[in-house]
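Here is a short tour of one protein model. Keep the sequence and the 3D view open as you read.

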Amino acid sequence: MMTLPPDSSENAPGAPDTQTHHDQHGRYPQALNVEDFRRNLAAIRARMDAACRRVDRDPASVRLLPVSKTMDESRIRLAHAAGCRLLGENKIQEAHRKWENTTDLAGLRWSVIGHLQTNKAKLMAQFASEFQALDSLRLAEALDRRLQAEGRALDVYVQVNTSGEPSKYGLAPDEVAAFLQALPAFSSLRVRGFMTLALFSREAERVRQCFVLLRGLRDRLRQEAPAGISLDELSMGMSGDFEIAIEEGATVVRVGQAIFGARALPDSHYWPGAA
Ligand SMILES: *Cc1c(COP(=O)(O)O)cnc(C)c1O
């Protein structure tokens with residue numbers, strides 16, 4: 001294990017040379033049966049656990065959120081059969097449709113991880129267990145109102161733009177403190193922590209800096225967070241960079257392609273500004 005100089009205390013110790021797997025993007029083989037899913041899930045879990053061990057973290061402190069966006073209902077049934085109980089979806093209508101068509105699957109819950117327009121808050125309130133892309137007070141207000149009407153609560157993560165790319169959603173880091181102060185007004189929202197998408201780059205150090213920024217922000221704001229606002233969770237890392245995210249403190253990693261296989265639709269369909 002490498003010894004870090006004292007002034008880099010923001011970096012987790014160990015394995016700072018872990019590389020991204022973004023060169024695999026779009027090439028992952030399709031998981032077509034329950035065995036494929038079991039094998040992929042076990043392989044990802046093993047890599048997560050190894051990343052934890054590199055930085056002396058308890059593997060039980062990191063949750064794997066499989067991301068099923070673009071995958072059809074038959075694949076969702078296979079993932080469920082392989083043990084998945086919470087699935088991530090990026091688009092609200094797609095998530096809502098899949099929920100409606102799979103209510104027979106015991107214990108299956110949905111996490112919405114993409115930007116939501118305020119006028120879709122009602123759809124979200126009907127079925128989602130978790131929302132990881134809260135980025136405006138207007139949306140918080142609309143969600144809270146719809147959730148009250150449904151008699152439901154929602155776990156939420158505040159999305160932070162750590163890459164500085166104007167195309168990405170999320171609050172600028174310097175807007176987050178004031179935002180958090182306003183959230184206790186919305187009693188149906190259970191604030192759990194932050195979510196981010198790192199820079200999509202093969203330069204591992206630049207990717208890592210996005211994760212370091214989010215954890216540093218969380219550590220600072222934790223002291224002054226209003227009562228009832230928990231910042232325990234850091235949702236960061238996906239197929240190409242989850243190991244680096246774990247080394248920097250992720251408690252949730254969102255992994256799609258490395259479990260389900262490459263997506264047919266281009267990423268520009270899901271991410272603003274993606275190539
Ligand atoms: C699609 C998506 C992921 C998963 O990306 P993969 O490359 O498939 O692992 C993670 N987070 C968000 C917000 C996504 O939209």
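## The annotated domain

Over residues 40–263 the chain is 42% helix and 17% strand. An unreviewed UniProt entry lists residues 40–263 as "domain: Alanine racemase N-terminal". UniProt positions are given in the numbering used here, feature names are shortened, and annotations may be inferred rather than shown by experiment. Helices (H or I, at least four residues) and strands (E, at least two) are DSSP runs, numbered from the N terminus.

This is a predicted model: local features need pLDDT of at least 70, side-chain atom pairs count only at pLDDT 80 or more, and totals for chains, interfaces and linings use all residues. Residues are numbered from 1 along each chain as its sequence is written, and side-chain values use heavy atoms, with hydrogens and water left out.

## Around the ligand

Now look at single atoms. A polar side-chain atom of Asn90 lies 2.6 Å from a ligand oxygen atom. Arg254 places a polar side-chain atom 2.8 Å from a ligand nitrogen atom. Gly256 uses a polar backbone atom, 2.8 Å from an oxygen atom of the ligand. Taken alone, the ligand exposes 390 Å², and the protein buries 99% of that (Shrake-Rupley method, 1.4 Å probe).

## One side of helix H2

Helix H2 spans residues 73–81. Which of its residues are buried? They are Arg75, Ile76, Ala79 and His80. Buried means under 20% relative accessible area, exposed over 50%, and partly exposed in between (1.4 Å probe, protein chains only). These four cover an arc of only 140° around the axis, so they sit on the same side of H2. The arc is that of the directions from the helix axis to the C-beta atoms.

Their cover includes helix H1 (34–54), strand E2 (86–89), helix H3 (92–101), strand E3 (109–112) and helix H9 (257–260). Just after H2, Gly83 takes a positive phi of about 115°.

Most residues other than glycine have a negative phi. Asp56 is not a glycine, yet its phi is positive, about 60°. Asp56 lies in the loop between H1 and strand E1 (63–66). Is Asp56 buried or exposed? Asp56 counts as exposed, at 73% relative accessibility.

Thr70 also has a positive phi, about 70°, although it is not a glycine. Thr70 is in the loop between E1 and H2. At 25% relative accessibility, Thr70 counts as partly exposed.

## Two buried residues

Asp155 belongs to strand E5 (residues 154–159). It counts as buried because its relative accessibility is 14%. A polar contact of 3.1 Å joins the side chains of Asp155 and Arg192. A polar contact is a pair of N or O atoms within 3.5 Å; within protein, one must be able to donate a hydrogen and the other to accept it, and residues adjacent in sequence count only if both atoms are side-chain atoms. Leaving aside neighbours within four places in sequence, Asp155 is in contact (heavy atoms within 4.5 Å) with Ser129, Glu130, Phe131, Arg190 and Arg192.

Cys210 is in helix H7 (residues 204–224). Cys210 is buried, with a relative accessible area of 4%. Not counting residues up to four places away in sequence, Cys210 touches Thr162, Ser163, Ala198 and Leu199. Cys210 and Ala198 are 12 residues apart in sequence, and their C-alpha atoms are 5.4 Å apart in space.
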